Amino acid sequence: MRPLNSATHRLGTENAFTVLARAGQIAAEGHDVINLGIGQPDFRTPPHIVEAGIKALHDGAHGYTPSLGLPDLREAVAADLHNRYGVTPDIRHIQITPGGKPVIFISAMLLGGPENEILVPDPGFPIYQSAINYSGATAVSYGLVEQNGFAFDADDVLSRITDKTSLIIINSPANPTGGATPKSEMDKFVRGLADFPHVTILSDEIYDRFVFDTQPLSLLSYPEISDRLIVLNGWSKTYAMTGWRIGYGIWPERLIDAADRIGVNYHSCVNAPTQFAALAATSGPQDCVSDMCAAFARRAALITELLNDIDGISCVMPRGAFYAFANVSALGMKVDALQNKLLEDYHVAAIAGTSFGAFGEGYLRLSSANSEDAIRQACARLKDMVANL
Ligand code: PLP
């Protein structure tokens, strides 16, 4: 047999899925595993959304939809963005995708390639780097540091732009750190971009509804970059719909047709009942979102307090999303070994910071998408582990 396309070997993966699978095996052996690993809300999808999906199936929504998604759904997305950010994207620029992830992959396919450099956060969502490597482009990391609350530093990011930079990926609130970039820094970043008109920006706003001590922020609010801005968002986190697989991209005029063409080649359209469920989510009551956000804020405070109570561990208070990024460097152990020991011996799933880039060494990501009781028990086990090191 001829070898695989060599690009295949450049694809990375998401360690969170590997840890999830191992946690499942350990649980199947009869152990009580506490999962603070994978990043998905522990809540169920609100009932009115589930009902809308079921109704769509009963009503015969069994066929293809337009490749960009149902017009009503794209209208609802535009209306939602108008309500929340005062901007109304043209629905021609909105592409409904099977999760938010495809927007990353499509962006890398469109703006990657061997001649280009793409700036990515480190630590950051690992799929950025993987998709960029697959495309043949060079991923250039910019660091997110604890001293800065894991917010990005606009001057630092701008200083890394070269003639070859085609795309900058930013993510706020961020996975894996829970950091959120303040508006003043975003303003500075956008002002600085005026000097680099060749650069497109992908703003991953998948956690924009989960901010705790600050106002939600979207790069859509900056019309001066609207002709070179891609926005990723979706329903997975906001409405506890990770398994439904639905998200969206907002593409500038220059990219929408090409993004659609990749979508048609790859997935045709998102399954129809899921699109009706998403429509019910976006156009229905939003108290489910504020309730979840309040729960994540309470848990963020709880987990931060419990982690800081462990000798050798410190943790800054997350400002959004549902992750705590604990500094465990004083324990003197490589974090992947720490992740494995915690899972194998203490049955707590958490993710080594290095799964998100080299800057993640010395950190452990704990998801607070689990009950307060589970968080307490997990932190007690972690404390035990540290005491026994
Ligand atoms: N972007 C970030 C930063 C994420 O953390 C995730 C999921 O973990 C995604 C995108 C992808 O979300 P989806 O499940 O909608 O594909």
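The model is predicted, so local features are described only where pLDDT is at least 70 and side-chain atom pairs only at pLDDT 80 or more, whereas totals for chains, interfaces and linings use all residues. Residues are numbered from 1 along each chain as its sequence is written, and side-chain values use heavy atoms, with hydrogens and water left out. Helices (H or I, at least four residues) and strands (E, at least two) are DSSP runs, numbered from the N terminus.

**The sheet**

- Seven strands form an open sheet in the order β2-β8-β7-β6-β5-β3-β4, and their pairing is mixed; two strands count as paired if DSSP finds at least two bridges between them.
- The edges are formed by β2 (94-97) and β4, each of which pairs on one side only, and the twist from one strand to the next averages 20°.
- Strands β7 (residues 229-234) and β8 (residues 247-250) run antiparallel and are joined by four bridges, with glycine 234 standing opposite glycine 247 in β8.
- In a regular strand the side chains alternate between the two faces of the sheet.

**Strand β5 and its surroundings**

- Seven of the seven residues of β5 are buried, so this strand is largely enclosed by the rest of the structure; buried means under 20% relative accessible area, exposed means over 50%, and partly exposed lies in between (1.4 Å probe, protein chains only).
- Strands β3 and β5 run parallel and are joined by three bridges, and leucine 119 stands opposite isoleucine 168 in β5.
- The pairing of β5 with β6 is also in the parallel sense, over five bridges, and here isoleucine 169 stands opposite leucine 202 in β6.
- Helix α7 (residues 183-193) lies across β5 and β6 and runs at about 170° to β5; axes are lines fitted to C-alpha atoms, for helices over the stretch in contact, and angles run from 0 to 180 degrees between N-to-C directions.
- Together, β5, α7 and β6 make a right-handed β-α-β unit, where right-handed means that, with the strands pointing away from the viewer, the path from the first strand over the helix to the second runs clockwise.

**Helix α5**

- Helix α5 (residues 126-135) is mostly covered, as seven of its 10 residues are buried, namely Pro126, Ile127, Tyr128, Ser130, Ala131, Ile132 and Ser135.
- These buried residues pack against α4 (101-111), β3 (117-122), β4 (138-143), β5 (165-171) and β6 (200-204), where contact means heavy atoms within 4.5 Å.
- After α5 comes glycine 136, which has a positive phi near 95°.

**Helices α2 and α9**

- The axes of α2 (residues 47-58) and α9 (residues 272-283) come within 7 Å and cross at roughly 145°.
- The residues that meet are His48, Ile49, Ala52, Gly53, Ala56 and Leu57 in α2 and Pro273, Phe276, Ala277, Ala280 and Ala281 in α9.
- By class, this contact of α2 with α9 has nine nonpolar, two polar and no charged residues; Ala, Val, Leu, Ile, Met, Phe, Trp, Tyr, Cys and Pro count as nonpolar, Asp, Glu, Lys and Arg as charged, and the others, Gly among them, as polar.

**Glycine 100**

- Glycine 100 lies in the loop between β2 and α4, and with a relative accessibility of 6% this glycine counts as buried.
- Although glycine 100 and asparagine 233 are 133 residues apart in sequence, they are 5.9 Å apart in space, C-alpha to C-alpha.
- Apart from neighbours within four places in sequence, glycine 100 is in contact with Ile206, Leu232, Asn233 and Gly247.

- Most residues other than glycine have a negative phi, and most peptide bonds are trans.
- The bond joining aspartate 122 and proline 123 is a cis peptide bond with omega about 0°, and proline 123 is found in the loop between β3 and α5.
- A cis peptide bond also runs from asparagine 175 to proline 176, with omega near 10°, and proline 176 is found in the loop between β5 and α7.
- Phenylalanine 150, which is not a glycine, has a positive phi of about 65°; this residue lies in the loop between β4 and α6 (154-159) and is buried, with a relative accessible area of 3%.
- Alanine 321 has a positive phi near 60°; this alanine is placed in the loop between α10 (287-308) and β9 (323-327) and is buried, with a relative accessible area of 0%.
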